[in-house]
Amino acid sequence: MSFAQRLSRGVLVLDGGLATELAARGHDLGDPLWSARLLLDAPEAIVEVHRAWLRAGADVITSASYQASLPGLRARGLDRDAAIAVLRDAVALARRACALERPDAIVAASAGSYGAMLADGSEYTGAFGAIDDDALVQFHRERLPGFADADVIAFETIPSAREAAAIARALAGHRGPPAWLSLQLREPGHSGAGDALEACVDAIAACPAIVAIGVNCCDPEHVAPALTRLRSRTALPLLAYPNAGERYDAHARCFVGHARTPAELAALAGRWIAAGARMVGGCCRTGPVDIAALAAV
């Protein structure tokens, strides 16, 4: 059954914060590749976390490739073919976890913002420096072969209409899996870079490969009004997977503020679904207990 067919059958539960759970299990993620480092050094640890999400009730497992860009992997001495193989391995690890726990689960290949590759928090602001639009398109296009075996590609934590437009251009003529686009929020009506959400929708409106749109790694309280704004502009299925409620401090490189309890997140998820979300889950600082609470909703 295709990803689109699964979406038509009811609300899907996404997984939670992969890096959060890996860190909770004692893995050191202080690396430019972040959680993707374990694709090279400890792949079985990733499989075990994927399995934990499935046991918690997730319908969708997201690969550990958020920060595994081709430039980042080349910096580790890998050539293009070896870097693409790492992305394929990330999808294969997620697929193996599904085979062990739930063979009908969906595998999403995580494709992080260009800012994720910079490892400076700029996926929250869109302040990417001097990169031009064509280079931004190429950044996203060159890794697509690594995601060929996924059910869907998850372009995540996208902070601007500019990067959304670059992703749409990168997907022009794409013959692989469909994609979703998930925006980072500054506030309910604006992306991390300050663009109106309607402008972000318009940036991808002519791209048939993008089959869902939503928000992630944002304040849970911002989700429902953001989805309402998105729904006013598009008929695409909506998705929401915020963080636990804390704000990322790019200078201190940590999350600060109040984290919602699993029960609080579950209560908010009812509002997201009422606002039109067809996929709900968690991002940074959420664990299996949070996903279990969402699955119960």
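Which cysteine sulfur is closest to the sulfur of cysteine 207? I started my notes there. It is the one in cysteine 200, at 14 Å, which is too far for a bond. A note to myself before going on: this is a predicted model.

**Cysteines**

I checked cysteine 98 next. A disulfide would need the two sulfur atoms within 2.5 Å. My search of the whole structure came back with zero disulfides. I also looked up how accessible these two side chains are. Cysteine 207 has a relative accessible area of 8% and is buried. Cysteine 98 is buried too, at 2%. The cut-off I used for buried is under 20%.

Eight of them make an open sheet with parallel pairing, and I wrote the order down as 1-12-9-8-5-4-3-2. Strand 1 (12-13) and strand 2 (60-62) are the edges, each with pairing on one side only. I picked out strand 3 (residues 106-112) and strand 4 (residues 152-158) and found five bridges between them, in the parallel sense. Within that pairing, alanine 108 sits opposite valine 152 of strand 4.

What packs on the sheet and touches strand 9? I found helix 11 (residues 220-231) there. This helix also touches strand 5 (179-183), strand 8 (210-216) and strand 12 (277-280). Its direction makes about 160° with that of strand 9 (238-241).

**Aromatic rings**

I searched the whole structure for aromatic pairs and got four. For tyrosine 114 and phenylalanine 128, I noted 5.3 Å between the ring centres and 65° between the planes, so I logged the pair as edge-to-face. Edge-to-face takes an angle over 60 degrees. The two residues are 14 apart in the chain: tyrosine 114 is in helix 7 (residues 114-118), while phenylalanine 128 is in the loop between helix 7 and helix 8 (133-141). Tyrosine 114 is buried at 12% relative accessible area, and phenylalanine 128 is buried at 7%.

Tyrosine 114 also pairs with phenylalanine 139, again edge-to-face, with 5.1 Å centre to centre and 85° between the planes. This pair links helix 7 to helix 8, where phenylalanine 139 sits, and the two residues are 25 apart. Phenylalanine 139 is buried, with a relative accessible area of 5%. I also jotted down one aromatic cluster made of Phe3, Trp180 and Tyr241.

**Histidine 50**

Is histidine 50 buried or exposed? I got a relative accessible area of 0%, so histidine 50 is buried. I placed this residue in helix 4 (residues 43-56). Leaving out residues up to four places away in sequence, I listed what histidine 50 touches: Leu18, Ile61, Thr62, Ser63, Ala64, Leu93, Ala94 and Ala97.

**Proline 188**

My last entry is on proline 188, in the loop between strand 6 (185-187) and strand 7 (190-191). At 24% relative accessibility, I have proline 188 down as partly exposed. Skipping residues up to four places away in sequence, I found proline 188 touching Leu197, His222, Pro225 and Ala226. I also took a C-alpha distance: proline 188 and threonine 228 are 40 residues apart along the chain, and their C-alpha atoms are separated by 9.3 Å.

Technical notes
Residues numbered from 1 in each chain as written. Predicted model: local features only at pLDDT ≥ 70, side-chain atom pairs only at ≥ 80, totals over all residues. Heavy atoms only, no water. Pairing = 2+ DSSP bridges. Helix = DSSP H or I, 4+ residues; strand = E, 2+ residues; numbered from the N terminus. Contact = heavy atoms within 4.5 Å. Axes fitted to C-alpha atoms, helices over the stretch in contact; angles between N-to-C directions. Phe/Tyr/Trp six-rings, centres within 6.5 Å; stacked < 30°, edge-to-face > 60°. Buried < 20%, exposed > 50% of the residue type's maximum accessible area, 1.4 Å probe, protein only.
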